[in-house]
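Please load the model in your viewer and keep the sequence panel open beside it. The tour moves from one selection to the next and says at each stop what is there.

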Amino acid sequence: MSAAPQVQIRAPAPSDEPALLRWRTDAETQRLLMGHGTSRTIEDVREWVARRASDPHGECCVIAVGEVAMPVGFVQLTRIDRT
């Protein structure tokens with residue numbers, strides 16, 4: 001029986017940008033997230049990560065697995081007030 005892969009939940013790193021760009025431009029992923037997929041370039045992703053990092057009411061983390069911590073997803077938590 002092999003050991004389960006190591007899972008990390010961490011802040012996005014510059015090396016995650018290509019994966020984040022793929023997810024941010026994938027129509028099906030955006031549909032599931034009820035988003036619009038506005039990121040089209042690496043610079044767009046950098047700006048998105050910077051906005052998420054500066055949000056005092058939110059969090060954005062990358063989920064990575066294995067010894068090389070390959071990104072497999074991300075979690076974005078945002079406080080939404082509908083008042």
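Begin with the aromatic side chains, since the structure holds two aromatic pairs, where rings of Phe, Tyr and Trp (its six-membered ring) pair if their centres lie within 6.5 Å, with planes under 30 degrees apart counted as stacked, over 60 as edge-to-face and the rest as tilted. Select W23 and F74, whose ring centres are 6.1 Å apart and whose planes stand at 35 degrees, so this pair is tilted. Because W23 lies in helix α1 and F74 in strand β3, the pair ties together parts that are 51 residues apart in sequence. Helices (H or I, at least four residues) and strands (E, at least two) are DSSP runs, numbered from the N terminus.

Before going further, note that this is a predicted model, in which local features need pLDDT of at least 70 and side-chain atom pairs count only at pLDDT 80 or more, while totals for chains, interfaces and linings use all residues. Residues are numbered from 1 along each chain as its sequence is written, and side-chain values use heavy atoms, with hydrogens and water left out.

W48 lies in helix α3 and F74 in strand β3, so the pair ties together parts that are 26 residues apart in sequence. Both W48 and F74 are buried, and ring pairs link W23, W48 and F74 into a cluster.

Next, show helix α1 (residues 17-25) together with helix α3 (residues 42-53), which pack at an angle of about 95 degrees with their axes 9 Å apart. Axes are lines fitted to C-alpha atoms, for helices over the stretch in contact, and angles run from 0 to 180 degrees between N-to-C directions. That makes α1 roughly perpendicular to α3, on a scale where angles under 35 degrees count as roughly parallel, over 145 as roughly antiparallel, 65 to 115 as roughly perpendicular and the rest as oblique. To see the contact (heavy atoms within 4.5 Å), select E17, P18, L20, L21 and R24 of α1 with I42, V45, R46, W48 and V49 of α3. These residues divide into seven nonpolar, no polar and three charged, where Ala, Val, Leu, Ile, Met, Phe, Trp, Tyr, Cys and Pro count as nonpolar, Asp, Glu, Lys and Arg as charged, and the others, Gly among them, as polar.

Which residues of α1 are buried? They are E17, A19, L20, L21, W23 and R24, and what covers the buried residues of α1 includes α2 (27-32), α3 and β3.

Turn now to the strands, which form an open sheet of three in the order β1-β2-β3, with antiparallel pairing; two strands pair if DSSP finds at least two bridges between them. β1 (7-10) and β3 (70-78) stand at the edges, each with a single partner strand, so one side of each is left without a neighbour in the sheet. From one strand to the next the twist averages 20 degrees. Strand β2 (residues 58-65) pairs with β3 in the antiparallel sense over eight bridges, and you can find two of the bridge partners in β3 by selecting V65 with M70 and C60 with Q76. Bring α3 back into view, for α3 packs on the sheet, touching β2 and β3, and its direction makes about 50 degrees with that of β3.

Zoom in on the hairpin of β2 and β3, which has four residues between the strands and in which G66 takes a positive phi near 85 degrees. In the loop between β2 and β3 you will also find A69, which has a positive phi of about 55 degrees although it is not a glycine, and which is buried, with a relative accessible area of 14%. M70, in strand β3, touches I63, A64 and V65, not counting residues up to four places away in sequence.

Finally, show the whole chain, which comes to three helices and three strands and follows the pattern β-α-α-α-β-β along the sequence. Buried residues make up 30% of its 83 residues.

Conventions: Buried means under 20% relative accessible area, exposed over 50%, partly exposed in between (1.4 Å probe, protein chains only).
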